[in-house]
Amino acid sequence: MSEQTITGSCVCGAVRYAATPPFFAFQYCHCTRCRKASGTAHATNLFVKTAQFHWVAGEDNVQRFDLPTAKYWSHTFCKTCGSSTPWLSRTGKAVIIPAGTLDDDPGMAPERNIFFASRASWYAHAADLETFDESPPRS
Ligand SMILES: [Zn+2]
Ligand SMILES: [Zn+2]
């Protein structure tokens with residue numbers, strides 16, 4: 001592996017992968033599907049060409065769901081711990097990496113919000129929120 005390789009894993013460690021930059025997109029997706037699948041305000045996904053990605057462990061422990069009514073949307077997760085995992089795009093040209101699964105710094109920050117018109121009614125910009133380095137003090 002080159003020094004540039006970025007690694008990632010699920011919470012339980014069964015699924016591990018490596019990707020080599022450059023990534024060609026890094027974005028928040030606020031669509032309803034991504035909100036439901038992630039359980040949070042938006043998905044945060046990195047995109048890399050398929051040849052720049054490989055599984056290190058646990059590819060057979062990944063469960064895939066391709067939404068039948070969607071052209072592109074898919075969701076994958078570790079069968080053991082339920083963490084989101086990377087998935088091959090339906091075109092086969094790219095691998096989409098949920099950025100929260102990264103173990104290393106990808107060397108770039110998210111560049112854009114997509115499907116922002118579909119954002120949750122309760123969405124708030126993270127920078128506008130009261131912030132603590134760890135748990136907030138008990139009141
Ligand atoms: Zn896992
Ligand atoms: Zn989405």
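## Basis of the report

Two strands are said to pair if DSSP finds at least two bridges between them. Strands are DSSP runs of type E with at least two residues, numbered from the N terminus.

This is a predicted model, in which local features need pLDDT of at least 70 and side-chain atom pairs count only at pLDDT 80 or more, while totals for chains, interfaces and linings use all residues. Residues are numbered from 1 along each chain as its sequence is written, and chains are lettered from A and ligands numbered from 1 in the order in which they are written.

## The open sheet

An open sheet of mixed pairing is formed by 5 strands, in the order β8-β9-β4-β3-β10. Its edge strands, β8 (87-88) and β10 (112-114), each pair on one side only.

Strand β4 (residues 43-49) and strand β9 (residues 94-98) run antiparallel and are joined by 5 bridges. Phe47 stands opposite Ile96 of β9.

## Residues in loops

Pro22 is placed in the loop between β2 (16-19) and β3 (25-29). The peptide bond leading from Pro21 to Pro22 is cis, its omega being near 10°.

Glu59 occupies the loop between β5 (53-57) and β6 (62-66). Its C-alpha atom is separated by 8.0 Å from that of Arg16, although the two residues are 43 residues apart along the chain. Glu59 is partly exposed because 13 other C-beta atoms lie within 10 Å; a residue is buried with 20 or more such atoms, exposed with 12 or fewer, and partly exposed in between, the C-beta atoms being placed from the backbone.

## The segment after β10

Phe115 lies in the segment after β10. Its phi is near 50°, a positive value in a residue other than glycine. Phe115 counts as partly exposed, because it has 17 C-beta neighbours inside 10 Å.

Conventions: Helices (H or I, at least four residues) and strands (E, at least two) are DSSP runs, numbered from the N terminus.
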